[in-house]
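Subject: Structure handover

Dear colleague,

Please find the structure below, followed by notes on what turned up in it.

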Amino acid sequence: MLRVPGERGGSASVHDKLHVGSQVRVRGPRNKFPLRPARRYLFIAGGIGITPNLPMLAEADTAGVRWRLLYVGRRLSSMAFLDELAAYGEAVVVRPQDRPGLLDLDGRLGDPGPDTLVYCCGPEPLRAAVEACRRAARASTARARRWASG
């Protein structure tokens with residue numbers, strides 16, 4: 001787990017307060033980011049935001065629904081699950097900040113279409129950029145768009 005100062009996920013607490021042998025109380029899983037039915041999906045993940053997307057990718061893939069993933073991170077070496085994602089081939093676009101060819105979010109996201117559900121999970125700057133694209137898409141056309149973020 002990366003230590004990320006100022007994040008709400010608790011990484012600072014884990015690094016500062018827990019040690020080997022610490023007891024941690026956990027509850028069963030909660031899903032506040034469910035995959036809703038759609039004809040197509042666009043998943044956008046930033047950093048560890050890839051984690052909640054993995055089961056949704058698998059579910060969409062198993063159901064035969066068309067999807068693609070845009071995955072961004074600070075460094076390629078810190079991006080999780082790259083081996084697992086490689087199995088999906090060209091449906092996955094990986095763009096770390098430490099390599100040339102940063103992700104053109106506006107160009108990749110564009111107008112996802114009325115039959116595409118967009119899911120985004122990642123740090124606040126990424127979610128804000130996706131939200132700006134969502135507002136622009138709504139302003140450019142009267143057709144309904146379906147977006148989710150977490």
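Rings of Phe, Tyr and Trp (its six-membered ring) are taken to pair if their centres lie within 6.5 Å; planes under 30 degrees apart count as stacked, over 60 as edge-to-face and the rest as tilted. Ring pairs of this kind link Tyr41, Phe43, Trp67, Tyr88 and Tyr119 into a cluster.

Before the details, a note on the source. This is a predicted model, in which local features need pLDDT of at least 70 and side-chain atom pairs count only at pLDDT 80 or more, while totals for chains, interfaces and linings use all residues. Residues are numbered from 1 along each chain as its sequence is written, and side-chain values use heavy atoms, with hydrogens and water left out.

Aromatic pairs

The whole structure was searched, and five aromatic pairs were found. One of them is the pair of Tyr41 and Tyr119, which is tilted, with 6.3 Å centre to centre and 50° between the planes. This pair links distant parts of the chain: Tyr41 is in strand β1 (residues 40-46) and Tyr119 in strand β4 (residues 116-121), 78 residues apart. Helices (H or I, at least four residues) and strands (E, at least two) are DSSP runs, numbered from the N terminus. Tyr41 and Tyr119 are both buried, where buried means under 20% relative accessible area, exposed over 50% and partly exposed in between (1.4 Å probe, protein chains only).

Phe43 and Trp67 form an aromatic pair that is edge-to-face, at 6.3 Å centre to centre and 65° between the planes. Phe43 lies in strand β1 and Trp67 in strand β2 (residues 66-73), so this pair ties together parts that are 24 residues apart in sequence. Phe43 and Trp67 are buried.

Around Tyr41

Tyr41 has 6% relative accessibility and therefore counts as buried. Tyr41 and Trp67 are 26 residues apart in sequence, and 4.5 Å apart in space, C-alpha to C-alpha.

Salt bridges and polar contacts

A salt bridge is a side-chain nitrogen of Lys or Arg within 4 Å of a carboxyl oxygen of Asp or Glu. The structure holds two of these salt bridges. In one, Arg40 is paired with Asp115, and the closest N and O atoms are 3.5 Å apart. Arg40 lies in strand β1 and Asp115 in the loop between α4 (105-109) and β4, so parts that are 75 residues apart in sequence are tied together by the pair. Arg40 counts as partly exposed at 26% relative accessibility, and Asp115 counts as partly exposed at 22%.

Thr116 has side-chain contacts with both of these residues. A polar contact of 2.9 Å joins the side chains of Thr116 and Arg40, and one of 3.5 Å joins those of Thr116 and Asp115. A polar contact is a pair of N or O atoms within 3.5 Å; within protein, one must be able to donate a hydrogen and the other to accept it, and residues adjacent in sequence count only if both atoms are side-chain atoms. Thr116 lies in strand β4 and counts as buried, at 4% relative accessibility.

Arg127 forms a salt bridge with Glu124, with 2.8 Å between the closest N and O atoms. Arg127 and Glu124 are three residues apart in helix α5 (residues 124-140), and are therefore separated by about one helical turn. Arg127 is partly exposed, with a relative accessible area of 23%, and Glu124 is partly exposed, with 47%.

Cysteines

The structure holds zero disulfides, a disulfide being a pair of cysteine sulfur atoms within 2.5 Å. Cys120 is in no disulfide, and the nearest cysteine sulfur, that of Cys121, is 7.1 Å away. Cys120 counts as buried at 1% relative accessibility, and Cys121 counts as buried at 14%.

Overall layout

The protein has five helices and five strands, and from the N terminus on its elements run α-β-α-β-α-β-α-β-α-β. Of its 150 residues, 33% count as buried. Among contacts in the protein with a separation of 6 or more, 62% are between residues 24 or more positions apart.

Regards

Definitions and conventions
Contact means heavy atoms within 4.5 Å.
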